[in-house]
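Biologist: Hi! Could you walk me through this protein? I'm new to reading structures.

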Amino acid sequence: IILLQVIGCTTPASLFLYRGSLALSVFTFYGTLGTLLTYYAVTRQPAKWTALIVGCLPMLMLLRPVFYQNSISVILAITLGIWLLYDPRSFSLLQRDRLLVALVLIGFCYWWISVLSTGFYATNLRVFELIFGGCCVSLLSRFRSVLTASLWGIAASTLSIVISLWRYSTDRLGLAEVGSYTLGHPQQVGMAASLTLVLCLADGGRWLSVNKHPGVRYFAAGISGVLLLLTTSRTSWLLLIVGLIVLLLTKRQRRVLIPAGVLLVIVTFSVLVSSRGDIVLKYINKVTDSKRTLSQRTTGRYDQYSSFPDLFWESPIWGFGPGSSGTVYHNRSGESLMMHSLVLHLGVETGIIGLAALFSLYGAIVRRSIAHRSITNEIVPLIAAASLCVDGLAHNSFNSLMGVYMGLAVTDLSCYRKRLTYPLRFAQIVTLRDAGTLSHT
């Protein structure tokens with residue numbers, strides 16, 4: 001029912017947007033979503049509230065320039081409040097999770113210092129999209145069937161976006177000029193497509209409940225692969241490559257790579273012979289053409305990486321201060337751009353202190369995902385953790401879809417009968433009926 005509700009929220013809005021009625025699209029989407037959320041609040045169902053929000057994240061990201069730019073951070077904060085109010089037992093597990101509590105505290109301090117430094121409340125506010133998104137998905141992971149519905153919701157919401165923007169799209173799928181607004185970004189569609197594709201392949205498709213339906217599994221993977229290629233988002237392609245490498249290195253998961261390879265060949269061939277094949281080839285050539293400079297191949301990312309050492313060593317201990325990276329880079333290069341990479345962003349703003357905190361958190365998240373793997377034999381949390389770390393090197397991770405990756409990486413382990421491979425103080429006894437299905441006792 002969650003998936004149907006996500007479709008009910010996004011499909012009418014996407015049709016209005018396709019016809020050029022942006023105001024009606026916003027009104028329909030937020031009106032329908034608000035009505036359903038009110039129902040779940042009145043009936044005290046925080047898990048379904050959260051699943052609906054997570055499923056609608058792509059559409060929330062698309063329409064926020066028209067509605068309210070920082071609306072997702074506010075909505076996710078309210079979602080955590082709903083958990084505290086209606087399911088304090090589950091929320092108490094979140095409070096006892098030292099990793100997630102550390103993420104929230106560090107994120108809040110980072111944002112608050114940014115506000116004090118710049119005098120503007122929205123500076124680095126999107127850090128809460130990442131952190132609150134991760135917390136919400138982690139809470140939702142205690143209810144696997146509801147989490148599955150929300151993950152399918154992300155796929156359905158993304159498909160609605162593709163349909164709505166098709167007539168407006170430029171070379172890159174997912175980006176469009178509608179009236180005076182620039183809506184979407186290829187990376188948003190690409191990250192969602194990459195996530196869906198990996199979930200179809202890893203753990204036999206169990207996270208999407210298609211492990212017993214191979215036809216549905218590979219059809220969904222094929223559609224996701226087509227969308228991923230058409231976005232020409234190289235960061236999203238990189239996330240898929242990370243997922244495939246983790247599968248390759250995992251003994252019990254390697255067998256899926258043969259049908260996955262055949263599927264990717266078919267998808268790639270189909271896209272390249274289509275009317276948009278030349279566009280995809282153009283962006284592939286941007287990366288592989290030896291005659292292009294590194295700066296051209298990386299769309300300016302190399303310039304930022306090459307200038308980073310000089311910027312970093314000007315203030316290596318505590319950086320230039322939270323909220324300053326855009327100004328610092330502009331003063332050095334004359335370009336008004338935010339840092340492409342989270343590592344560069346925090347390195348310039350917070351120096352060694354911030355980078356040490358970031359890599360410590362990355363290490364803790366990877367350890368959590370390895371512990372999950374050792375207990376359940378599920379590989380998705382480890383793929384999500386690896387993707388989160390690699391994304392931090394290639395792109396600024398302050399967005400809610402990367403929060404979904406984080407939430408999957410720290411999937412609730414609150415506990416199993418088998419002893420954990422590292423200490424957790426928030427453990428409760430849970431029986432494991434089968435890999436990935438939790439039953440509370």
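Modeller: Happy to; we'll go through surface charge, a helix and some aromatic rings. Keep in mind that this is a predicted model.

Biologist: Which residues gather in a patch of positive charge on the surface?

Modeller: That patch brings together Lys-251, Arg-252, Arg-254 and Arg-255.

Biologist: And where is Lys-251 found?

Modeller: Lys-251 sits in the loop between α12 (234–248) and α13 (257–272).

Biologist: Is Lys-251 buried or exposed?

Modeller: Lys-251 counts as exposed, because its relative accessibility is 69% and the cut-off for exposed is over 50%.

Biologist: Which ones are they?

Modeller: The buried residues of α3 include Trp-49, Leu-52, Ile-53 and Val-54. Pro-46 and Gly-55 are also among them.

Biologist: Now the rings. How many aromatic pairs does the structure hold?

Modeller: It holds 12 aromatic pairs. One of them joins Phe-120 and Tyr-121, with 5.6 Å from centre to centre.

Biologist: What kind of pair do Phe-120 and Tyr-121 form?

Modeller: An edge-to-face one, because the planes are 70 degrees apart and anything over 60 counts as edge-to-face.

Biologist: How much relative accessible area does each of the two have?

Modeller: Phe-120 has 48% and Tyr-121 has 40%. Phe-120 is therefore partly exposed, and Tyr-121 is partly exposed too.

Biologist: Last one: which residues do ring pairs link into a cluster?

Modeller: Phe-108, Trp-111, Trp-112, Phe-128 and Phe-132 are linked that way.

How values were computed: Residues are numbered from 1 along each chain as its sequence is written. This is a predicted model: local features need pLDDT of at least 70, side-chain atom pairs count only at pLDDT 80 or more; totals for chains, interfaces and linings use all residues. Side-chain values use heavy atoms; hydrogens and water are left out. Patches are made of residues with over 30% relative accessible area and no salt bridge: like charges are joined within 9 Å, nonpolar side chains (Val, Leu, Ile, Met, Phe, Trp, Tyr) within 5 Å. Accessible areas come from the Shrake-Rupley method with a 1.4 Å probe; for residues, only the protein chains shown count as cover. A salt bridge is a side-chain nitrogen of Lys or Arg within 4 Å of a carboxyl oxygen of Asp or Glu. Lys and Arg count as positive and Asp and Glu as negative; His and the chain ends are not counted. The place of a charge is taken as NZ of Lys, CZ of Arg, CG of Asp or CD of Glu. Helices (H or I, at least four residues) and strands (E, at least two) are DSSP runs, numbered from the N terminus. Buried means under 20% relative accessible area, exposed over 50%, partly exposed in between (1.4 Å probe, protein chains only). Rings of Phe, Tyr and Trp (its six-membered ring) pair if their centres lie within 6.5 Å; planes under 30 degrees apart count as stacked, over 60 as edge-to-face and the rest as tilted.
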